[in-house]
Amino acid sequence: MVQIGLDIGGTKIVGAVFAPNGEKQAQRTQPTPSSYEDFLSACRTLSRELAEETKMTGPLGVCFPGGIDYQAGTAEVANIPYLNGKLVLRDLEKSLEREVRFQNDANCIALAESHDGAGQGARSVLGITLSTGVGSGYIVDGKVINGANGLAGEIGHLPLPFREPEDGPVVDCFCGQKGCIEKSICGGALSRLYAFMTGRQAKPEEIAALASTGDSGARAVLDRYYEVVAKAMIAALHSFDPEVIVVTGGLSNLSALFDEVPKRWGKYCVVKNPKTRFLKAAHGPLASLRGASLLWKEGM
Ligand SMILES: [Zn+2]
């Protein structure tokens, strides 16, 4: 059975059909409309076009970049506010005349990595998106674990464990707390750490470029950043103990991240030599779409 997914974004909606082996058979894009009615209609158009092109039948998976209430069938998406409070799952099923499952995008990325990405073959995979924010999803035996509140695997709003003054400024988080993991390891946190340690301003990619040319200040900042990420991963190891942690997002391009973090996390862990593998994601920008398409795979 082919697998179809829709990826809802703030500026565009992308739909694709994949063969069971992961090969993409068709892809279509629509700009994200400005009203709920037009949103449903854009999703219907994408689904119809893809169905005509590939003779696809059957249900469809959708991923949203926000919080989902799986029991109510609603999504909270900050940059598409007209979705908030709507019975989006029911309305999509009615509009598309197909059964629909939906998930948060970080969960879809984790699912894709678990199914045919870096976590393939592992029974438990925590997928972490490390970019301007921190999203994560927890997959066990090929299934997304949502939990009672859609929070399973969401380490971003736990406090950073074992924090020391050298780990950089403690800043307010949108969740209402201070010192969350998200605000300690996201791209903005790396820039804050750089400013804190050097007195200068730089974006994460500029810090990485400086470090690669041998700049001692940038190297020291990245060294500390890897220590902070190792502390953050302890929250994941002690809560979920996954066989594999897969990292995607802009900061996964820091080439030393995948050697340096596991070198450091043992000293914060009650098990001094954790077996968890810490890996760069194998899927590129289509990971969330691939994950959405897998929401109906056999056995889920
Ligand atoms: Zn927070």
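View 1. Leaving aside neighbours within four places in sequence, Thr-129 is in contact (heavy atoms within 4.5 Å) with Ala-106, Ile-109, Val-134, Gly-135, Thr-248 and Gly-249. The model shown is a predicted one, in which local features need pLDDT of at least 70 and side-chain atom pairs count only at pLDDT 80 or more, whereas totals for chains, interfaces and linings use all residues. Residues are numbered from 1 along each chain as its sequence is written, and side-chain values use heavy atoms, with hydrogens and water left out. With a relative accessible area of 16%, Thr-129 is buried; buried means under 20% relative accessible area, exposed over 50%, and partly exposed in between, with a 1.4 Å probe and protein chains only.

**View 2. Strand β11 and its pairing with β8 and β12****.** Strand β11, residues 244–248, is mostly covered, since five of its five residues are buried. Strands count as paired if DSSP finds at least two bridges between them. By this criterion β8 (residues 124–130) and β11 pair in the parallel sense over five bridges, and the bridge partner of Thr-129 in β11 is Thr-248. Strand β12 (residues 277–280) also pairs with β11 in the parallel sense, over four bridges, and in β12 Phe-278 stands opposite Ile-245.

**View 3. The zinc site****.** The protein donors of the zinc ion are His-157 through ND1 and Cys-173, Cys-175 and Cys-180 through SG, lying 2.1 to 2.3 Å from the ion. Donors are N, O and S atoms within 2.8 Å of the metal (3.2 Å for Na, K and Ca), and because water is not among the atoms, sites may look incomplete. The angles among the four donor atoms of the zinc ion run from 100 to 122°, and the site is tetrahedral, a term used for four donors if all angles lie between 85 and 135 degrees. Along the chain, the donors of the zinc ion follow the spacing H-x15-C-x1-C-x4-C. His-157 and Cys-180 both lie in the loop between β10 (143–144) and α4 (182–185), so the pair ties together parts that are 23 residues apart in sequence. His-157 counts as partly exposed, at 31% relative accessibility, whereas Cys-180 is buried, with a relative accessible area of 2%.

**View 4. Ser-114 in helix α3****.** Ser-114 lies in helix α3, which spans residues 105–116, and counts as buried at 9% relative accessibility. Not counting residues up to four places away in sequence, Ser-114 touches Gly-119, Gln-120, Gly-121, Val-125, Ile-139 and Gly-142.

**View 5. The chain around these sites.** The chain has nine helices and twelve strands. Its radius of gyration, taken over C-alpha atoms, is 20 Å, close to the 19 Å that the globule rule gives for 300 residues, so the chain is as compact as a globular protein of that length; the rule is 2.2 Å times the number of residues to the power 0.38. Of the 300 residues of the chain, 54% count as buried.

Conventions. Helix = DSSP H or I, 4+ residues; strand = E, 2+ residues; numbered from the N terminus. Tetrahedral: all angles 85-135°; square planar, octahedral: opposite > 155°, others 65-115°.
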